[in-house]
Amino acid sequence: LAAGGLAGWSGPSTSAGSSPSAGSAASSALNVYLYQKPKQFSPLEAANGPDQAVMSLVFDSLLGPDANYKLQPHLAMDQPVISPDATTFTFKLAPHLKWSDGKAFTSKDVLFTYNLVANAASGSASSANYSLVQGYDAVAAGTAKTLSGFSAPDDNTFVIKTSRPSIGLLGLAAVVPILPEHVLGSVPLAALAKNDFFNNPKVGMGPYQFVAYKTDQYVELAANPNYRSKVNIGRIFLKPVTSDVATAQLGTGEMDIAQISATDLPTVQKMKNMTVVAKDAPGYTRIALNQTKPAFADAKIRQAFLYAVDRKKIVESVLGGNGTVPNDSFVGQTPPAGLNDYAYNPAKAKELLREGGWNPATTVTLAWIPGQRDRDTTVTVIQSQLQAAGVKVSLKQVQAADLVDSYTTLKFDMVLYGGGGYAVDPWNVHTILGCDTFYPTGGNIAHFCDKALDQEMLTANKTTDASARAALYQKAAQIENAQASYFWLYNPQSVWAHNTRVKNFQASGDFTNPFINISSWKIG
């Protein structure tokens, strides 16, 4: 994903309230690449990468992933206490924390937030993630306003109780951005999702306070004096530009930190005062095939698409070898033996298309958000190779809001996008594969559903023995692989470049959360 081109734009000026000129060692501000224009800063909305990147700075969560995708305490004082049967999760909050406006932070804010995100009536696009929490069904049916499984017995304690064991709950639930109850608590539930706070989130618990979003130019953030640790850099400007513009601005000093395209790596490596570091991603780039449409309902058709495209060649040529080819969604897990690798085989693709009854007169549309060089190139390769196999493909550039609208109306044919967080816990994959996680209450925009896969996932999620659990997820991966749930493309490495004046930068493979240790960054 990426934003519209801003070639020639030099960023904020040196006037009051704006960024100093980039490149000055004495500067108290950083210019950081944002790979796409943000839309809205709301945990209730469907996951949108640039929105999540901004929210990771403005808001905070009970736990958060580190550079190795292990959950670490943030607003929680320590790891939660989990009951032996994995049905009760007790969080103790760090004491004496304050919101950015100085108000005291308590478990009431946590309780308020979780009751919002678990309730589809709030506009939450992730409510299905909480289907195992006690009281979820009553809230979904409208017979209760809050989930009985969420409680705050005192100001520093928050408890989640599930109706059955859920080992993987933390991977989805503990990373939710916490919202201020004292700001939003009086807003009617039905009006909450459209509240202007989510366009201008001035109050948060993150390392930075939201200052302004200058549309198509930059998001301006200022250090939060009430953050739970010292923040060293006074201001951050997140600049939504295309990847080629980001590379050019690294060279001119207008950009301090950017994720770069593999094709730009030789150029960046020749720049003075530049450090380059790569990190494996916790997710992958894919194409969702709309399986509510008869054309994609047959697994043979989905398998044919995989055989028709030389994904290995895309990784080698488009990514410069900085990535791998996945054949299931369980990123970070050891692949089970015997997975079909769907190696490039146009003849096999044509055979499966015939068997699946593909109509060669059909034209399907592949939508994507332009601006990242690897994706811009990949869609043209896919169009050409599917065409050679007998599938007519029309390419369509869209922006984030249009893409989300197409998910809601189910009008899309195919959409190329990325997603992650799957290395935190394999249960996280359920949100894009579950029969009960169809968008808009979950992340399954493709509307893929396989009851056998669901059963394996649910059994694994309630299994407390680690080795038995891993074996069950391997079975789930085998089922998913055979069904070709998604058109898996590649798991890219995130390649970051930063000016050497930026100290203590720690790379993250997750380009939607590149700020895992930002309070420790320094300029020097």
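Author: What follows is a set of questions and answers on a helix, the cores, a pocket and some loop residues. This is a predicted model, in which local features need pLDDT of at least 70, side-chain atom pairs count only at pLDDT 80 or more, and totals for chains, interfaces and linings use all residues. Residues are numbered from 1 along each chain as its sequence is written, and side-chain values use heavy atoms, with hydrogens and water left out.

Reader: How far apart are the end C-alpha atoms of helix H12?

Author: Helices (H or I, at least four residues) and strands (E, at least two) are DSSP runs, numbered from the N terminus. The expected span of a helix is 1.5 Å times one less than its number of residues, so the 17 residues of H12 (residues 373-389) should span 24 Å. The end C-alpha atoms agree with this, being apart by 25 Å.

Reader: Within what arc do the buried residues of H12 fall?

Author: Buried means under 20% relative accessible area, exposed over 50%, and partly exposed in between (1.4 Å probe, protein chains only). The buried residues of H12 include Asp-374, Thr-378, Ile-382 and Gln-385. Taking the directions from the helix axis to the C-beta atoms, the buried residues line one face of H12, because they fall within an arc of 145°.

Reader: Which residues touch the most other members of the largest nonpolar core?

Author: A nonpolar core is a set of buried Ala, Val, Leu, Ile, Met, Phe, Trp, Tyr and Cys residues joined through side-chain atoms within 4.5 Å. The largest one has 86 residues. Those that touch the most other members are Phe-91, Tyr-114, Tyr-130 and Leu-238.

Reader: How many residues are in the second, separate core?

Author: This core includes Phe-330, Val-404, Leu-472 and Phe-487. Its number of residues is 70.

Reader: Which element gives the most to the lining of the second largest pocket?

Author: On a 1 Å grid over the protein atoms alone, a pocket is an open set of points where a 1.4 Å probe fits, with protein on both sides within 12 Å along at least five of seven lines; lining residues have an atom within 4 Å of a point. The second largest pocket holds about 480 Å³, a volume being the space filled by probe spheres set on the points, which are joined across faces, edges and corners. At least two lining residues come from each of strand E12 (274-280), strand E14 (323-324), helix H16 (466-483) and strand E18 (487-499). The element that gives the most, with four residues, is H16.

Reader: What separates the C-alpha atoms of Tyr-344 and Val-309?

Author: Tyr-344 lies in the loop between E14 and helix H11 (346-355). Beyond four places in sequence, Tyr-344 touches Tyr-307, Ala-308, Val-309, Asp-310 and Gln-385, where contact means heavy atoms within 4.5 Å. Tyr-344 and Val-309 are 35 residues apart along the chain, and their C-alpha atoms are separated by 5.9 Å.

Reader: Is His-96 buried or exposed?

Author: His-96 lies in the loop between strand E5 (88-92) and helix H2 (107-117). Although not a glycine, His-96 has a positive phi of about 65°. Because its relative accessibility is 77%, His-96 counts as exposed.

Reader: What is the omega of the peptide bond from Tyr-439 to Pro-440?

Author: Pro-440 lies in the loop between helix H14 (430-433) and helix H15 (451-461). The bond from Tyr-439 to Pro-440 is cis, with omega near 20°.
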